[in-house]
Amino acid sequence: MSLPPQLSRALENFRDQAKDALWALSSCLCQQTPKVKINGRTFQIIKVLGEGGFSFVYLAQDEDSGRQFALKKIRCPTGAQGVKEAMREVEAYRRFKHPNIIRIMDSAVVQDPDGEGQIVYLFLPLYKRGNLQDAINANLVNGRHFPEQDMVRLFRGTCLAVRAMHEYRPTTPRSAVAAKKTGAAGKASRNNDHLDDEHDERFPQAEGDAEGGYSYDGASASVPLVTRHQVEDEGEVVFDGDEEVENAQRQGNSTLEVVPYAHRDLKPGNVMIADDGKTPILMDFGSTMMARVHIENRSQALLQQDIAAEQSTMAYRAPELFDVKTGQTIDEKVDIWSLGCTLYALAYSHSPFENTQTTEQGGSIAMAVLNAQYKHPQSAYSQGLKNLIDSMLKVNPAERPDINKVIQMTDGVLQSLA
């Protein structure tokens, strides 16, 4: 008797997580530090930094150079399809280049030593201060709160990262890409076309070498990693700062057509804090996809609900992703809702929809979200901050501000606190 696909997948995920959990536990119980070999190099696994539904993140150290990384390990028991899913995250890291977005250092695809599928490793910078959720937890333990000005500045930097995604501009207009595909040359280049969403509307296929991965090249600690992921795309504009975005807007260049992407899992746990203690760094792009999805029928609606349920954290998920309706277009406003939840969590130490009623009295987070049922606890924070949060937590996406308006309102709050 065969199991339903969803149950079978859940059991596979549970089994894979159990393997990683045992590996993590061994690092605590055994004298010998666990090690992993990737492309001929050996890395010591020092400790677990975090875990998600489909991955673990470890503090790893290269035995030869002594360099430390945040090593994200994604199991792909389904083989090629699973690797393709994981490589979408790699491609997102490579696509969005901004001071408030994490930069991938390298990635690799290796065979699972147990012979069950493959493993994708992502080498990311190590931020020793952790993420915003870690800071929230520390505040709870110590009975503290963020100073409002510091908190709003962290939020503003996060918004700048989101704007780089919502206003992403490839140099080649989508209309030109579509025309190119009509010819033989276009057909031959489909696998390398970053805007080719014909096969998968959620994210273009990542580029790669013959083995589907990118090897680690860390000859010495003083030499930075250099891989194909760090070679700039000839056909794309790389924005390393917001001034360039604003200049492009003023020029009105028709070749800089906006192709919005949505992160779809914005939350405090996905925003790292740089070593200066002031700069937020957006990370975890496994849920990222082209922002605007028109829902034409019920099956598409159910698919979007399933994707959101799998990839977007419930307490930060926009209401339109809980109940997707035929005929609507889901867009980047899903991230605006999540930003509102994130700012609320920074202020009050929990999501607006993780309250006593939903967590202790059997209430439904989904129903609370769909009805925008939340309250501001009593605090010393300004009315301007509360108004900013409220503006983003509108059930109707059309009533939410876009990311530029959010930044403008955030600047207003900062000016009032100066």
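**Helix packing and a buried threonine in a predicted model**

Colleague: Against which helices do the buried residues of H12 pack?
Modeller: The model is a predicted one. The buried residues of H12 pack against H4, helix H9 (333-348) and H13.

Colleague: Which residues of helix H12 are buried?
Modeller: H12 covers residues 383-392, and its buried residues are the ones that pack against H4, H9 and H13. They are Leu385, Lys386, Leu388, Ile389, Ser391 and Met392.

Colleague: Are H4 and H13 roughly parallel or roughly antiparallel to each other?
Modeller: Helix H4 spans residues 148-166 and helix H13 spans residues 403-417; their axes lie 10 Å apart, at an angle of about 160 degrees. Angles over 145 degrees count as roughly antiparallel. H4 and H13 are therefore roughly antiparallel.

Colleague: How many nonpolar, polar and charged residues does the contact of H4 with H13 have?
Modeller: H4 passes H13 in a left-handed crossing. Residues making the contact include Val152, Phe155 and Arg156 of H4, and Ile407, Thr410 and Leu414 of H13. By class, the contact has 11 nonpolar, four polar and five charged residues.

Colleague: Does Thr42 count as buried or exposed?
Modeller: Thr42 sits in strand S2, residues 41-51. Its relative accessibility is 16%, and the cut-off for buried is under 20%. Thr42 therefore counts as buried.

Colleague: With which residues is Thr42 in contact, leaving aside its neighbours within four places in sequence?
Modeller: Thr42 belongs to strand S2. With neighbours within four places in sequence left aside, its contacts are Lys35, Val36, Lys37, Gln61, Asp62 and Glu63.

Technical notes: Residues numbered from 1 in each chain as written. Predicted model: local features only at pLDDT ≥ 70, side-chain atom pairs only at ≥ 80, totals over all residues. Heavy atoms only, no water. Axes fitted to C-alpha atoms, helices over the stretch in contact; angles between N-to-C directions. Helix = DSSP H or I, 4+ residues; strand = E, 2+ residues; numbered from the N terminus. Parallel < 35°, antiparallel > 145°, perpendicular 65-115°, else oblique. Left-handed = near helix turned anticlockwise from the far one by under 90°. Contact = heavy atoms within 4.5 Å. Nonpolar A, V, L, I, M, F, W, Y, C, P; charged D, E, K, R; others polar. Buried < 20%, exposed > 50% of the residue type's maximum accessible area, 1.4 Å probe, protein only.
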